[in-house]
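This report is meant to be read alongside the sequence and the three-dimensional view. Please have both at hand before continuing.

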Amino acid sequence: MKSVKFVLAFAAASAAATAAFAAAPVMTVESAKGKVLAGENGMTLYTFKKDTKGVSNCYDQCAKNWPPLMAASDAKADGAYSIIDRKDGTKQWAKDGMPLYFWVKDTKKGDITGDGVGGNWDLAKP
């Protein structure tokens with residue numbers, strides 16, 4: 001009987017671990033412009049107007065200033081959150097098909113200093 005309980009407990013723990021990998025590493029935080037999406041670190045996420053659904057056009061210097069919200073190789077899409085393949089072979093999270101990025105000049109949770117930069121960057125909204 002103990003081995004059956006162990007197997008059931010192990011199965012439940014495995015299912016919980018799998019579920020953790022399924023969810024996008026995104027949360028909602030308050031900002032001066034209302035609720036915005038943020039990474040697990042609490043930093044605001046943005047979308048790039050030069051991207052298209054499922055395609056990132058932010059590489060090299062752009063990606064240094066706007067680091068992509070990277071996805072682990074074993075991450076799974078979840079609802080509005082999908083995973084795109086970047087041309088450099090890495091994977092990136094997207095919401096409603098649009099790739100998600102951080103802005104290097106945001107320094108604390110709720111900062112939104114990247115909104116509107118160059119007329120190309122928008123806050124990612126829940």
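## The largest nonpolar core

The largest nonpolar core has 13 residues, of which Y46, F48, C58, W66, Y101, W121 and L123 touch the most other members. Strands β2 (34-39), β3 and β8 each contribute at least two residues to this core. Apart from it lies another core, made up of 12 residues and including L69, A75, F102 and A124. A nonpolar core is here a set of buried Ala, Val, Leu, Ile, Met, Phe, Trp, Tyr and Cys residues joined through side-chain atoms within 4.5 Å. Buried stands for under 20% relative accessible area, exposed for over 50%, and partly exposed for values in between (1.4 Å probe, protein chains only). In soluble globular proteins, nonpolar side chains tend to be buried together.

## Basis of the description

This is a predicted model, in which local features need pLDDT of at least 70 and side-chain atom pairs count only at pLDDT 80 or more, while totals for chains, interfaces and linings use all residues. Residues are numbered from 1 along each chain as its sequence is written, and side-chain values use heavy atoms, with hydrogens and water left out.

## Aromatic residues

One aromatic cluster is formed by Y46, F48, W66, Y101, W103 and W121. A search of the whole structure gives 5 aromatic pairs. In one of them, Y46 and W66 are edge-to-face, at 5.4 Å centre to centre and with 80° between the planes. This pair links distant parts of the chain, since Y46 belongs to strand β3 and W66 to the loop between α2 and β4 (70-71), 20 residues apart. Y46 is buried, with a relative accessible area of 0%, and W66 is buried too, at 4%.

The rings of W66 and W103 are stacked, because their centres are 4.1 Å apart and their planes stand at 25°. W103 lies in the loop between β7 (98-99) and β8, so its pairing with W66 ties together parts that are 37 residues apart in sequence. W103 is buried, with a relative accessible area of 11%. Rings of Phe, Tyr and Trp (its six-membered ring) pair if their centres lie within 6.5 Å; planes under 30 degrees apart count as stacked, over 60 as edge-to-face and the rest as tilted.

## Contacts of W121 and T47

Not counting residues up to four places away in sequence, W121 touches Y46, T47, F48, C58, C62, W66, Y101, G114, D115 and G116; contact means heavy atoms within 4.5 Å. T47 is part of strand β3 (residues 46-48), where strands (E, at least two) and helices (H or I, at least four residues) are DSSP runs numbered from the N terminus. T47 counts as buried because its relative accessibility is 17%. Beyond its neighbours within four places in sequence, T47 is in contact with residues including M98, P99, L100 and D122.

## Charged residues

The whole structure holds 7 salt bridges, each a side-chain nitrogen of Lys or Arg within 4 Å of a carboxyl oxygen of Asp or Glu. D122 and K49 form one of these, with their closest N and O atoms 3.8 Å apart. This pair joins distant parts of the chain: D122 is in strand β8 (residues 121-123) and K49 in the loop between β3 and α2 (61-65), 73 residues apart. D122 is partly exposed, with a relative accessible area of 27%.

K95 and D96 also meet in a salt bridge (3.1 Å, N to O). K95 is buried at 16% relative accessible area, whereas D96 is partly exposed at 44% relative accessibility.
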